[in-house]
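Here is a colleague's note to read with the structure open beside it. Please take the points in order, and look for each residue as it is named.

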Amino acid sequence: MLLLNYPLWMCGNGQEMDLDENPNITSLSYPQWQDSVIHVIGDHNYAPYEFLNENGQPDGFTINIIKAVASVLKLNIEIELKPWGEVRKSVDQGDFDVVSGMYKTAEREKKVDFTIPHFISSYSLFVRKGTKISIDEDFNNKVVLVQEGDLGHDYMKEKHPRVRLITFTDFGDLFVALSEGLGDCALHSRLQGLRFLKNSNIDNVKDSGKAVIQQKYCIGVPEGRTELLAILNEGLSIIKINGTYDRIYQEWFGVYESEIVSWKSVAKYVLWIILPLIFLVIVFVIWSYTLKKQVRKSTLDLQYELQRRQAVQKELEQFQRQLEEQNQQLVQRNERIVNMNEELKTAKLLAEKNDNLKTAFLANMSHEIRTPMNSIIGFCELLEIEAEEPTVQKYTGIISNSAQRLMRLLDDIIDISKIESGVIGFSISQVSLKSIVSELYDQYYLAATTKGFDLVVQADPKCEALLLNTDLNRLMQVLNNLLNNAFKHTDVGLVVLGCSKQDNYLKFWVSDTGRGIPEEDLPHVFERFYQAGNHQAGGTGLGLSIARRIVEYLGGELGVESIENEGSVFWFTHPLNLNSDRN
């Protein structure tokens, strides 16, 4: 692995080449990327494109291309070369920023976005000398050698799915194996294959002579990384314009391409040169005769070009004036934006002041309303006890129930207001889960017996001795809300209070055999003031909304499952490792 941040890039022969020949196109930078390191991955043994050299450093044609792009755009890159199978795994998992070199195919475009191509590679069939094989024949009876995960591997699996394939991690191994008699042929990049055969002194393997595949070789980024893709495309365009790309290409391929031309091709090219020379002699005579005419025509063309450039100069001057006017408009617009920002700051301060007044008002009103309401409830209970007439007892009971409902409504309104204002508080302490479940069972058992259904507790044995960090009052508020709803809508059967321990959280649930919730109402049950269409038990429609917000503040999730006329299950989760400093 090598961290690079080059103002210059290195050629394959180790010489530095200056990229500042044209400062107008080589001084670009992207400040938002300068503090980030771009992770570049590639094949560790795919010469001459990318490989680890004798010093263990990343080298090759595509590596120099990446370095040149990083240099002109002032990007920080980190290059890691590894086996191609691992590179493909990283690509499938999206665990990379840039792939230095990859063939562009429809299948790979599902996971990778590609830059403009910087090389067109031809793939050929390689066979042992004395063996003839056609690219159009049926490969079902052949054994083909390919590099694992390479373009040739993908091609054979798609076009000849029944062919017998032998894969190799490094492409050089397949040529050695073919030379030693393994398989019938090998499919690989023609240029790489010829280069490897020459450098390895393998003389019994040859190229079949026809291209099976011609594919674009590009730089790849994860799908959706459009900004990074645009930056790399811009860098590639720059190094092609300023000549850097041509120098890199010549360094790695120019000399070699001239060396691999066959003698037969040389003779053919020599013949092609001699014949045009003869033709040129004839043309020269004609050209001499028409030279004066051409000079006259060129003079006219120059005059026309001069006139055209003068017209372009006028257009540029006009365009410059338009730019100055637009700049002036931008300055005025910026001034308006500054004024708007000041107004927004003032409005924000006013909103915060109003929010503080709202909080203070809620606290004061809560105290002022609760005091007389508690007195009403208390005296109603005394009247109900001391009254002798049934009618008076009935009326005082109605007053007491109505006052308690009004208190619950007040509590709900204050809670929802605190949640909206972000001032709802939590007091985290360690409580016994067993005591919570026992207290709820004792509290609701008599009411269940009175209504004529059963109250059942289903607690995981793992919860028996569990101590939970939570806000006891808020947790009990959620459980009481769910149990009250279940009791409201259940006439027969049973209500179940359940608790189980998962990997890193607790799951509570309350199920009933009541009226259930219509399917069209399920998406809305946690909305404020919403009441399901078939529910006639009253209520404000705030309880479930408050319960959901409390559960989310505690780091959990609240949900419901219900079938109309069969019952409902309300469940929520609570983290086991709730921090004691949660507000």
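Predicted model: local features only at pLDDT ≥ 70, side-chain atom pairs only at ≥ 80, totals over all residues.

1. The chain has 583 residues, of which 40% count as buried, and its secondary structure is made up of 14 helices and 22 strands. Of the contacts between residues at least 6 apart in sequence, 73% join residues at least 24 apart.

2. In soluble globular proteins, nonpolar side chains tend to be buried together. Here the largest nonpolar core has 65 residues, and Y49, F61 and V98 are those with the most contacts inside it. Helix α3 (residues 61-73) gives the largest share of this core, namely nine residues.

3. Once its neighbours within four places in sequence are left aside, V98 is in contact with I38, H39, V40 and I41, with I66, with I219, G220 and V221, and with L228 and L232.

4. Helix α8 covers residues 226-241, and its 16 residues should span 22 Å at 1.5 Å a residue, which agrees with the 22 Å between its end C-alpha atoms. An α-helix has 3.6 residues a turn, so residues three or four places apart point the same way. Just after α8, G243 takes a positive phi of about 90°.

5. Two packed helices are described by the angle between their axes and the distance between the axes. Helix α12 (residues 433-451) and helix α13 (residues 472-488) pack with their axes 11 Å apart and at an angle of about 20°. Angles under 35 degrees count as roughly parallel, and α12 and α13 are therefore described in that way. Their crossing is right-handed. On the α12 side the residues that meet α13 include I436, L440, Y444 and A447, while those on the α13 side include L472, L475, L479, L483 and F487.

6. Is α13 mostly covered or mostly uncovered? Helix α13 is mostly covered, since twelve of its 17 residues are buried; among them are L475, M476, L479, L483 and F487, which also belong to the contact with α12. The length of α13 from first C-alpha to last is 24 Å, close to the 24 Å expected at 1.5 Å a residue.

7. Most residues other than glycine have a negative phi, and most peptide bonds are trans. The peptide bond from A47 to P48 is cis, with omega near 5°, and P48 is found in the loop between β5 (45-46) and β6 (50-52). K74, in the loop between α3 and β8 (76-82), has a positive phi near 60° although it is not a glycine, and K74 is partly exposed, with a relative accessible area of 38%. N201, which lies in the loop between α7 (190-199) and β15 (205-222), is likewise not a glycine and has a positive phi of about 60°; at 69% relative accessibility, N201 counts as exposed.

Technical notes: Residues numbered from 1 in each chain as written. Heavy atoms only, no water. Core = buried A, V, L, I, M, F, W, Y, C linked by side-chain atoms within 4.5 Å. Buried < 20%, exposed > 50% of the residue type's maximum accessible area, 1.4 Å probe, protein only. Helix = DSSP H or I, 4+ residues; strand = E, 2+ residues; numbered from the N terminus. Contact = heavy atoms within 4.5 Å. Expected span 1.5 Å × (residues − 1). Axes fitted to C-alpha atoms, helices over the stretch in contact; angles between N-to-C directions. Parallel < 35°, antiparallel > 145°, perpendicular 65-115°, else oblique. Left-handed = near helix turned anticlockwise from the far one by under 90°.
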